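Reader: I am new to this structure and would be grateful for a close look at a single part of it. Please set that part in its surroundings as well.

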Amino acid sequence: MDPNFVQGLHNLLVQTTSNDTVVLKAATAQLNQDYYKNPACISALASIITSSPDQAIRQLAAVELRKRVAYNSGNLWTLISQDEREQIKTKFPELILGESSNPVRHSAARVVAAIAAIEVPMGTWPQLLPFLQQTCTSPNASHREVGMFMLYTALENIVEGFQDQLTSLFQLFSQTLADPDSLEVRITTARAMGVIAQFIDADEKAYLAQFQALLPGMIQVIGQCVESSNEAGARNLFDVLETLLILVGATSSTLCYHLLNKILQEVPLLSKVIPDLVEFLLRCGGNRAYDGELRILALNALNWTVQYKKSKLQSFGLAPSILEHLMPLTTEEEPEDVDEDAPSRSALRIIDGLATNLPPMQVFPALRTLIVQYFSSQDPAQRRGAMLALGIAVEGCSEFMTPLMGEVWPIIEAGLQDIDASVRKATCIAVSCFCEWLEEECVAKHTVLIPAIMNLINDSATQRSACTALDALLEILADVIDQYLQLIMERLSGLLETAPIPVKSVVTGAIGSAAHASKEKFIPYFEPTMQRLQHFLVLTGEGEEIELRGITMDAVGTFAEAVGKDHFRPYFPTMMTQAFEGIEMGSARLRECSFLFFGVMARVFGDEFAGYLPQVVPPLIASCTQDEGTEEDPNSAFNSGLSASNAIPVSDEADVNGLPTEELEDVDLDKLLDVNSAIAVEKEIAADTIGMLFNATQAHFLPYVEQCTLELVKLLAHYYEGIRKSALDSLLEIVRTFYDLSDHQDWEAGATTVALAPTVKDLIGHVLPALMEMYETEDNKSVVSALCVHLAETINKIGPAFVEGQLEPICGIAIQILEQKAFCQQDPDQDEEEEAPEAQAEYDSVLVSSAGDLVAALANALGGDFAPAFGRFFPLIAKYYKKNRSLSDRSSAIGCLAEIIAGMKNAVSPSTEPLLELFYQALSDTDAEVLSNAAFAVGLLTEYSEVDLSPQYLHLLGALRPLFVVTSDSPASKLNAKDNAAGAVARLIVRNTAAVPLDQVLPVFVEALPLKNDYLENRPVFRAIFHLVQTNGAVLGPYMDQLLRVFAVVLDPNGPDQVGDDIRAELIQLIGVVNAQDPAKIQAAGLSAFVPGA
């Protein structure tokens, strides 16, 4: 080795540590040009590491040596002589043991790992593993620490090369996990276990058993880190724990995937220790003597456990115990910064996870007991914790909670009046959650909620939280808002002038919700409100000002929809200018708001919006293609009209040789995650807006369809589920709109399809296979649910031609979901042949219901040709109707079968008997929603089946009779059931009038009219009336006065359309007939205007 080359390299390394920028740049350039391309630099750097007296230079040399060895897949390393390679392999690991500096040892160990990544797979370094094993058991503790770190870093690079040594490694780990002197050895051992875990397959039972035997020791090491406040060690080991719960797929080029937990489910390594693990994490997270950061790490690991080991939590019944330990944490003080984590916030996240991932029966009863206990406390912190837990749980338990609301409302009402402001604020948060998930129940309590919240708005301590609650409540009030609108607008308008900016933001949002609920009744307040909000639209300050500007843009869009385009037109051009300016300001939040605004304006103005498309579509596409990993200003893409995808991501920065210049540890992950999150949400809105624009502007959008479709297809593989959902939604919206614009014939149900326009067929051919491919690896249930719903909508519009060539895969989606075997439903702790538990989370029920929508759409498109498939689907759907199933499962199962019958029509006949048996069970259900669907189903079965069901009429009428018993204040579900029962009776009458005891049935039937909720059932109802008029008119004589009053209601031009054009025309003819016989009756009923020729 040339000593001058080594000395020159050493001198240049010293210069790169200089504070003089000129010297540093010159030295770096010379290193890249004269040294780092020369294979000799490898031996020279190794020499510097072992000989330089300067620790900083030794570490820098180690970092550079790792890069040179790894460069170009080891090409530079293989260019040095075999003797030099063997000398480095033999001596370098030994020399590391003598290094006194821990940072240098770690960097040098990574050099060994880089060399091993090249040599071990080729079988040219058999001495490495024995050396490492020997070093890890050395009597010298520092040697054991270095040896274990070298083994860990080597495993990170080439675990496959050591797979035939796993048993000996596990034996080694059993010793090093219990190292008597060094916590560092124990920590590094656990980290090495985390690496190996990713390469154990589910069928490698022996390795699984050996690994699981080590887990108690690993958990002990985590506890030792927490107890000794070793935050770095604890953080590393909690990362390992999360790796064992999920396998995160990430590489240096997909750092965002790692950061945002794009996960694949993993081998069930932890299954056997879940109860012990949960108890340990609760103990660490709940001990207030431990460092707050370490407690949060433990609680985050528990949250992952809830997310990815839910079947074990469910089978062990751990939820009540977990809740009991979490509730004390909810009483701890929260930091003022909403972005700062705390044990109390972590505890609430876990409660939310339990509520959304486990069957509500396992969660809410135990939680309700704790909430009542805590809310009865004299300690306001306990009352506050109870209220926050109640609010956070409603998302996952809303259906289960509905019949229990009589017990919940007194707690809410007391919380709104509590003497402590923190409890009142927490109650406002709970009310906001209730408004989102328990809409009808909240609207029914408006006389209590509105006055209480308005009072809290007057209190500065609760003003912001109260405005947030009011915003959520106004969003759902609809007609009820009339009595409050003036008071609300006076109070909120005043706050726009006086309140601090954060409160102004919430108030502006609440005014937008008031406009949404009041529709045209908002017109008197529109102009004054626009004047008050104008100056918010020109704010440019970071943070609060940008947020207020964005919320104002959203509110103005809501105003436009409320007051209509004629009233809003004077503001349209100016507001579009403001939206374009928002795009140029370099804020992802403002771009998001501008995109939302474009979508609203397109809906409101339709063709009038088309002229803006050349300015609107390019930034939408630029947003869809930008790189979330960039620290450059994403706005530059919009200014230049180019995609931001060419910007250099943090994780991919390179020197002139293409080598990374930044270690992963040096990247500010929190900052990068913030950038990713903001841009990802912006992309989600951009993708969603594209479909909305095409639907609103129709043919004007055609020049942009191809490019938008190509970009949206790319987004189907995005790591963020919100983007994938928006992309699939817009793609299918594009397909439907493109079909509407094509020259198409009306389709008929059946396997024989009407030919589509070639362009439509090409578009479907591009979109549908991409969606099928996405489904295969889609791990998010809400995305799969959206896919099913939007596929169903598209099939219902386009008909059988849409599924041509893809029928089997589409049926496969529904079958997998109904069997609970879709990728997003897979549970690694459950054997393939094992039945999924019947009790499931409410979100799981939503997914099953969406699969039912897809099956019903297929039946609608294929008609009688769906019969072979129905034999496969019927048992899969019917199993969801059992008394111990949730309301959602029972209701959607019966509703789905009803829709299938409507699609198949008389082809359903062979299945009449089992269907009728199931519907009889459903007609004895305790819930009105199920009864409603059952009534609809038996009516359709009677109408379409070729089997004569008249012998069953008396039984059916007896089962339907209780559904007619309602009062004016009955809940909507009971009123809906009554309407569907009326429709069912009507279908029985039309099918076989002689089998119906009309003298007993007609009084009840006519008394149920007019229908109040389900106007679609007016079609069978009036068909029955017309049928009786034509076949047995005298039987309706005693009821004619009542019927005429019903006719007046359904024909009222000031009300909603209740009957459709065909029935309206026939009804008017009937009125003419009655008028000819008895004009006084028609006049008394107020129907004279409808007499033909009047």
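**Helix α43 and its surroundings**

Author: The buried residues of helix α43 are covered by elements that include α41 (807-818), α42, α44 (887-904) and α45 (912-922). The model is a predicted one. Helix α43 itself runs over residues 867-878 and has 12 residues. From its first C-alpha to its last, α43 reaches 16 Å, close to the 16 Å expected at 1.5 Å a residue. Its buried residues are Phe870, Phe873, Phe874, Leu876, Ile877 and Ala878. An α-helix has 3.6 residues a turn, so residues three or four places apart point the same way. Phe870, Phe873 and Phe874 are among the buried residues of α43.

In soluble globular proteins, nonpolar side chains tend to be buried together.

Phe568 deserves a separate description. Not counting residues up to four places away in sequence, phenylalanine 568 touches Phe526, Val556, Ala560, Val563, Met575, Phe597, Met601 and Phe605. Helix α29 covers residues 544-563. At 1.5 Å a residue, its 20 residues should span 28 Å, and the end C-alpha atoms of α29 are 28 Å apart, which agrees. Because 14 of the 20 residues of α29 are buried, this helix is largely enclosed by the rest of the structure. Just after α29, glycine 564 takes a positive phi of about 90°.

The axes of helix α11 (residues 205-227) and helix α14 (residues 274-286) come within 11 Å and cross at roughly 0°. An angle under 35 degrees counts as roughly parallel, and α11 is therefore roughly parallel to α14. Where they meet, Ile219, Ile222, Gly223 and Val226 belong to α11, while Leu277, Phe280 and Cys284 belong to α14.

The side chains of arginine 85 and glutamine 82 are joined by a polar contact of 2.4 Å. Apart from neighbours within four places in sequence, arginine 85 is in contact with Trp77, Thr78, Ile80 and Glu119.

Note on methods:
Residues numbered from 1 in each chain as written. Predicted model: local features only at pLDDT ≥ 70, side-chain atom pairs only at ≥ 80, totals over all residues. Heavy atoms only, no water. Helix = DSSP H or I, 4+ residues; strand = E, 2+ residues; numbered from the N terminus. Expected span 1.5 Å × (residues − 1). Buried < 20%, exposed > 50% of the residue type's maximum accessible area, 1.4 Å probe, protein only. Contact = heavy atoms within 4.5 Å. Polar contact = N/O pair within 3.5 Å; in protein donor to acceptor, adjacent residues only side chain to side chain. Axes fitted to C-alpha atoms, helices over the stretch in contact; angles between N-to-C directions. Parallel < 35°, antiparallel > 145°, perpendicular 65-115°, else oblique.
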